[in-house]
Each structure stands twice: as structure tokens, then as C-alpha cells.
Amino acid sequence: GKNGIIINIVLMVLNLLPIPPLDGGRVVAGVLPPRVALPYMQLERFGMIIILLLLVSGILGKIMWPIVMHFVNIVSVMFGL
């Protein structure tokens with residue numbers, strides 16, 4: 001039900017964060033000029049450490065939760081949940 005929708009939205013928002021190796025990081029690298037994109041993509045080896053630090057510090061939740069709730073509201077209105 002609704003919990004499954006929330007889990008999928010959380011995964012979508014997490015994956016779109018602009019942190020390499022997530023897909024959002026690849027999108028940002030694709031938009032940046034090559035001289036900036038290459039150093040940015042070198043952050044990829046530290047990406048999981050960055051994500052874990054954001055998670056443990058609580059910053060990740062503060063960034064993600066408003067976005068997740070926005071999409072939950074959109075889906076709820078669209079499908080009358």
C-alpha cells in the first residue's frame with residue numbers, strides 16, 4: 001500500500017541526489033563542462049562515505065524528507081490515496 005509507495009519514493013529521491021556514484025551525480029557530471037566534470041566524478045570513490053556521513057549526521061534526512069513528502073502528496077492526490 002502506501003508504505004510501498006513511500007519506500008519507492010525514498011529510493012527515487014536518494015538515487016537522484018547529486019553525489020557520485022548515484023545517478024544524480026552522473027546527471028550533474030553530464031551538465032558540467034568537462035574540466036569541472038572530471039574532478040567532480042573523482043569524488044565517486046568517496047561517495048558512499050559521504051552518503052553514510054550525511055545519514056549518520058541526520059543531514060540526509062533533513063534534505064530528503066521534504067522532497068519525499070512532496071512526492072508522496074503528489075502521488076496521493078493523483079491516485080486518491
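1. Let's start with Glu44: in this predicted model, Glu44 comes out as partly exposed, at 30% relative accessibility. Its place is the loop between helix H3 (34-41) and helix H4 (47-57).

2. What does Glu44 pair with? Glu44 forms a salt bridge with Arg26, and the closest N and O atoms are 3.2 Å apart. Arg26 sits in helix H2, so the pair ties together parts that are 18 residues apart in sequence. Arg26 is partly exposed too, with a relative accessible area of 43%. If you go looking for others, a search of the whole structure finds 1 salt bridge.

3. Next, have a look at the loop between H1 and helix H2 (23-31), where you'll find Pro21. The peptide bond joining Pro20 and Pro21 is cis, with omega at about 15 degrees.

4. Now for the helix packing. Helix H1 (residues 2-15) packs with helix H5 (residues 59-79) at an angle of about 130 degrees, and their axes are 9 Å apart. Angles over 145 degrees would count as roughly antiparallel and 65 to 115 as roughly perpendicular, so H1 and H5 are oblique to each other. Their crossing is right-handed.

5. Which residues make that contact? On the H1 side they include Ile5, Ile6, Ile9 and Val13, while H5 brings in Leu60, Trp65, Phe71 and Val75, among others. Sorted by class, the contact of H1 with H5 has 15 nonpolar, 1 polar and 1 charged residues. Lys2 of H1 and Ser76 of H5 are also part of the contact.

Definitions and conventions: Residues numbered from 1 in each chain as written. Predicted model: local features only at pLDDT ≥ 70, side-chain atom pairs only at ≥ 80, totals over all residues. Heavy atoms only, no water. Axes fitted to C-alpha atoms, helices over the stretch in contact; angles between N-to-C directions. Helix = DSSP H or I, 4+ residues; strand = E, 2+ residues; numbered from the N terminus. Parallel < 35°, antiparallel > 145°, perpendicular 65-115°, else oblique. Left-handed = near helix turned anticlockwise from the far one by under 90°. Contact = heavy atoms within 4.5 Å. Nonpolar A, V, L, I, M, F, W, Y, C, P; charged D, E, K, R; others polar. Salt bridge = Lys/Arg side-chain N within 4 Å of Asp/Glu carboxyl O. Buried < 20%, exposed > 50% of the residue type's maximum accessible area, 1.4 Å probe, protein only.
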